[in-house]
Amino acid sequence: MQAAAALTDLATPVGEPVYQLRNVGKTYARNAIVALEGVSLTLTKGSFSAVIGSSGCGKSTLLKIMSGLIPPSTGRVVLQNRPVTGPRRDIGMMFQQAVLFPWRTTLENIVLPIEIRDGKGAAKAAETQARELLELVGLKGFENTYPSELSGGMAQRASICRMLITEPAVLLLDEPFSALDELTRDFMNMELQRICTSRNATAFLVTHSIQEAVILSDVVYVMKPRPGRVAEVVPIDLPRPRTLDMMTTPKFGELVEHIRGALDKEAFK
Amino acid sequence: MSNLESIADRSPAAEDDTVWTEETSWLDRVPRAIQMLFVFVVFVLLWDLVTRFGLVSRIILPTPLETFYDLIFVGKNLASGGYMLPALWITLKEVFYGFLLAMAIGFSLGVIVGETAFGERAIMPYLVAIDTMPKVAFAPLFVAWLGFGIESKVALAAFIATFPIIVGTAAGLHAADSNSRNLFKTMGASRWQTLLKMKLPMALPQVFTGLKIGSVGVMAGAITGEFLGGGKGFGELIRTAASQLNTPRVFSLILYLSVIGLGLFAFVSWVQRRFVFWHKERVSAGGE
Ligand SMILES: Nc1ncnc2c1ncn2[C@@H]1O[C@H](COP(=O)(O)OP(=O)(O)O)[C@@H](O)[C@H]1O
Ligand SMILES: [Mg+2]
């Protein structure tokens with residue numbers, strides 16, 4: 001575990017640290033499962049990190065701890081120099097499903113976090129900003145449509161807007177596009193990169209697609225199960241901005257192969 | 001490229017359109033009003049045959065025509081402000097107050113039972129136990145407690161209609177998925193905000209299902225109350241007519257009551273369509 005922690009620090013690109021995890025562990029008491037053990041990582045300002053691993057290796061648990069939804073059993077979780085002891089305003093979260101509420105228009109869904117935080121008046125005032133965000137994700141003109149009329153990809157774009165409206169310091173993404181078809185997913189990933197770059201956002205992505213992890217990230221954390229832990233930290237030194245064409249370069253192929261190897265070693269252990 | 005195009009052009013589809021229609025029964029293609037009329041006519045014909053050939057005594061089953069004449073008689077009486085109008089008015093009041101009471105109690109209890117762990121663990125078992133009792137059997141109690149006036153009927157009507165509303169509300173509050181709950185948590189929403197802005201709206205389809213079942217029960221409660229506890233409503237008119245073996249009158253009074261019941265049901269459905277516009281109803285029989 002110490003080795004993994006040391007590796008993390010080596011792999012971290014230089015920059016102001018935003019989010020720090022030190023030796024985080026989680027045991028689900030109910031069935032005595034060690035879901036996480038000794039996870040240490042540092043997210044620097046404006047960086048994009050991905051965590052990849054087979055299902056059941058603790059990715060969602062890690063993200064829930066980072067978002068303050070559940071407490072860790074051990075370790076230290078610090079965002080912007082303040083320990084995370086519950087849900088926080090400076091954390092934005094995205095789920096596998098878009099989770100838009102069908103009785104609210106797209107615009108009303110996007111300003112919902114503001115409405116909850118500061119009331120209806122503030123939500124009304126945030127609508128201008130919400131419109132700008134809709135334009136940023138290419139949903140201009142859909143302000144007053146209801147979610148039932150949005151496609152899966154459009155719904156996820158709307159939920160990106162909802163995540164961004166509170167201007168969070170860190171974006172936590174739990175397999176956000178895995179319910180979309182492959183063409184849409186590739187496209188959404190490029191959109192995500194563009195949005196993160198334009199806002200200098202710090203992002204942490206959970207995925208089970210190696211390609212997705214490599215094309216988007218500065219660092220990929222490879223996780224292994226039982227107990228869930230970071231087994232390898234892979235820095236991705238592809239130039240930015242990334243394009244879908246890069247997926248055919250030898251460098252990309254090497255990185256994918258390397259990560260697949262790391263995961264396979266686990267699968268056949 | 002041009003090669004590909006020429007291959008595409010030679011496909012058989014280019015020569016003949018393969019437009020075809022799905023097979024549907026001719027009965028399904030008839031407009032709905034005509035379908036309903038058809039069932040009605042068949043029903044009345046069967047009814048008429050049964051009475052015409054004396055298969056059933058006239059005293060037990062009047063002819064359709066007798067019933068029709070009595071419907072007109074009762075209609076005229078009501079329209080001209082005859083003695084049946086105050087009776088109708090009383091039953092309407094019982095149904096109205098009963099439903100109002102059932103909504104207030106059912107919704108409040110439903111929220112308590114559906115939202116709090118205490119309510120679910122400690123209160124729900126008792127509600128389930130009471131719900132399994134034959135509620136009509138409480139009628140004499142309500143009469144003993146509240147007298148022969150409208151109050152005992154309102155109480156029975158409300159008592160019957162409350163439970164589906166409780167169950168609908170409680171089940172609806174459980175409908176929120178874990179993603180929505182987690183989203184509200186990460187947004188830092190209070191319990192009250194989560195209830196008002198997420199759980200209750202999400203519960204509405206099931207709340208309305210409970211309201212619809214309740215709207216049917218409230219009518220049954222009011223009439224049963226009148227049967228068992230006297231009073232001066234429509235139920236009493238039915239009871240009197242039945243004791244005089246005036247079956248056409250019983251039939252026509254029941255039909256007028258069912259119009260009221262339908263009206264209440266239709267009103268609840270209308271409110272539902274207005275407020276739960278976002279909820280998709282299940283597809284009808286035979287698919288899209
Ligand atoms: N609430 C819970 N109670 C008990 N065990 C859980 C709970 N949530 C997750 N686990 C267990 O923890 C492990 C990691 O789960 P999870 O974080 O969801 O993995 P992943 O997201 O990588 O698929 C799994 O073995 C899972 O069964
Ligand atoms: Mg998961």
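Predicted model: local features only at pLDDT ≥ 70, side-chain atom pairs only at ≥ 80, totals over all residues.
1. A polar contact is a pair of N or O atoms within 3.5 Å; within protein, one must be able to donate a hydrogen and the other to accept it, and residues adjacent in sequence count only if both atoms are side-chain atoms. Between domain 1 of chain B and domain 2 of chain B, two residue pairs are in polar contact (both at pLDDT 80 or more).

2. Residues are numbered from 1 along each chain as its sequence is written, chains are lettered from A in the order in which they are written, and side-chain values use heavy atoms, without hydrogens and water.

3. An automatic or database assignment divides chain B into domain 1 (2–17 + 62–287) and domain 2 (31–61). Their C-alpha centres lie 29 Å apart. The two domains of chain B bury about 680 Å² between them (accessible area lost on being put together, 1.4 Å probe, summed over both), 68% of it on carbon and sulfur atoms. On the domain 1 side, P62(B), T63(B) and P64(B) lose the most area, together 59% of what that side buries.

4. Chain A and chain B bury about 1800 Å² between them. Their contact (heavy atoms within 4.5 Å) takes 21 residues from chain A and 18 residues from chain B. One salt bridge is counted between the chains: the side chains of E115(A) and K197(B) meet at 2.7 Å, N to O.

Terms used
Salt bridge = Lys/Arg side-chain N within 4 Å of Asp/Glu carboxyl O.
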